[in-house]
Amino acid sequence: MNLPLVVAITGASGVIYGVELLRVLKELGHPTHLILSEAARINLAIETDCDIDEVEAMATVVHKNKDVSASVASGSFRTRGMIVAPCSIKTLSAIANSFTHNLVVRAADVTLKERRTLVLMVRETPLHKGHLELMVRAADCGAVILPPMPAFYHKPVSILDIVHQSIGKALDQVGIEHTLFKRWTGRERDELQRS
């Protein structure tokens, strides 16, 4: 059974991570349940050329963030897990403290209590101690803290290459196969002999 992945896009800068995640999952034919926070809707207009309808059309099912009676609000609704991309500090704080005031946080809380994989692509810098403590608290509850930090061993040539490497790392955490970036296989013997 191909269980759906819950995708939440919150109001941190970097909504492109969530948009590209949805686009890739649609291309892979993987079902998704999308939740857009109110701030994410604003950032989509600021940071991308995508409109809300276009983004929502990439998802299999779309839920309103205020609808805490949605399917993904219950642990009896089976999912593969959840990725919050990007994850704002406000959302991180609510998740770390089980303050389930909206569907994004409730779905994340359900994901944790059901021992499913919750990936938080936290987008903020620099980080103060309070931010770090929230990350520790969320990690202690079982969340995977995965800030979108670019790697360069795969020699990216575009911003999209960098975005894809980060969302590829998130997909690895929930066990979804992809070919978004070239994986490290070690340095070639010739290179080692030259260095």
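What we have here is a predicted model, in which local features need a pLDDT of at least 70, side-chain atom pairs count only at pLDDT 80 or more, and totals for chains, interfaces and linings use all residues. Residues are numbered from 1 along each chain as its sequence is written, and side-chain values use heavy atoms, with hydrogens and water left out.

On confidence, pLDDT is the predictor's confidence in each residue, from 0 to 100. The protein averages 95, and 96% of its residues score at least 70. Strand 1, residues 5–9, has the highest confidence at 99, while helix 8, residues 189–194, has the lowest, with a mean of 60. Where pLDDT is low, the predicted coordinates should not be read in detail.

Now the fold. There are eight helices and six strands, taken as DSSP runs (H or I, at least four residues, for helices; E, at least two, for strands) and numbered from the N terminus. Along the sequence, they come in the order β-α-β-α-α-β-β-α-α-β-α-β-α-α.

As for size, the radius of gyration, taken over C-alpha atoms, is compared with a globule rule of 2.2 Å times the number of residues to the power 0.38. For 195 residues, a compact globule would come out near 16 Å, and the protein's 17 Å agrees with that. Its C-alpha atoms fill a box of roughly 60 × 40 × 35 Å along the principal axes.

Next, burial: we call a residue buried under 20% relative accessible area, exposed over 50%, and partly exposed in between, using a 1.4 Å probe and protein chains only. By that rule, 49% of the 195 residues are buried.

His 101 and Asn 65 are 36 residues apart in sequence, with 9.5 Å from C-alpha to C-alpha.

Thanks, everyone!
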